[in-house]
Amino acid sequence: MNPVPHICFLGCGQMAERHSRLLRKLYPSMHISFASRELDRAEKYRLKLKGFKAYGSYKDALSDPSVDIVFIVTPHALHSELGIAAAQEGKHIIVEKPVTRTEKELDELLAAVKKKKVRFTVAENYLYKPA
């Protein structure tokens with residue numbers, strides 16, 4: 001991992017903005033980048049949120065050796081596919097809930113994570129939720 005971690009948000013929506021603002025407060029020197037299917041959108045987020053880089057595709061972000069961690073905040077239909085691709089590139093992974101749509105997708109994602117020995121966690125905001 002780089003001396004200053006480089007995290008890239010895959011997806012530029014409300015959750016990317018929320019999480020990146022918090023990360024910036026907690027870790028001012030962290031490199032925070034944004035990837036979208038549209039470079040203009042990623043660049044808009046990079047400028048607005050004082051980001052490090054912008055990528056016009058998820059593949060470009062995943063193939064960048066400077067990216068250490070990806071935070072998947074796309075619609076959940078893409079979580080498994082992007083998580084598997086990230087693991088194959090040796091990236092550590094944070095994924096917004098729900099992790100996947102099906103148990104099969106989850107099993108495939110976890111298999112890729114174990115095979116490449118990357119760290120994986122789910123962004124869950126409740127340990128215990130009161131009834």
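Modeller: A helix here is a DSSP run of H or I with at least four residues, and helices are numbered from the N terminus. The model is predicted, and the values below are computed from it.

A search of the whole structure finds seven salt bridges. In general, side chains of opposite charge can pair when their charged atoms come close.

I start with helix α1, which covers residues 14–26. Arg21 and Glu17 form a salt bridge, with 2.9 Å between the closest N and O atoms. Because these two residues are four residues apart in helix α1, about one helical turn separates Arg21 from Glu17. Their exposure can be read against the cut-offs: buried means under 20% relative accessible area, and exposed means over 50%. Glu17 has 18% relative accessibility and therefore counts as buried. Arg21 has a relative accessible area of 41%, so Arg21 is partly exposed. The pair also belongs to a network of salt bridges, in which Glu17 and Arg21 are linked with Lys48.

The next pair is in helix α5, residues 103–116. Glu108 and Lys104 make a salt bridge whose closest N and O atoms are 3.0 Å apart. Both residues lie in helix α5, and they are four residues apart, about one turn of the helix. Lys104 is exposed because its relative accessible area is 58%. Glu108, at 37%, is partly exposed.

Another salt bridge joins the side chains of Glu105 and Arg101, at 2.6 Å from N to O. With 12% relative accessibility, Glu105 counts as buried.

Val70 is at 0% relative accessibility and so counts as buried. Leaving aside residues up to four places away in sequence, Val70 touches Cys8, Leu10, Leu62, Ala86, Lys91, His92, Ile93 and Ile94. Leu82 is 12 residues from Val70 along the chain, and the C-alpha atoms of the two are separated by 9.4 Å.

Note on methods: Residues numbered from 1 in each chain as written. Predicted model: local features only at pLDDT ≥ 70, side-chain atom pairs only at ≥ 80, totals over all residues. Heavy atoms only, no water. Buried < 20%, exposed > 50% of the residue type's maximum accessible area, 1.4 Å probe, protein only. Contact = heavy atoms within 4.5 Å. Salt bridge = Lys/Arg side-chain N within 4 Å of Asp/Glu carboxyl O.
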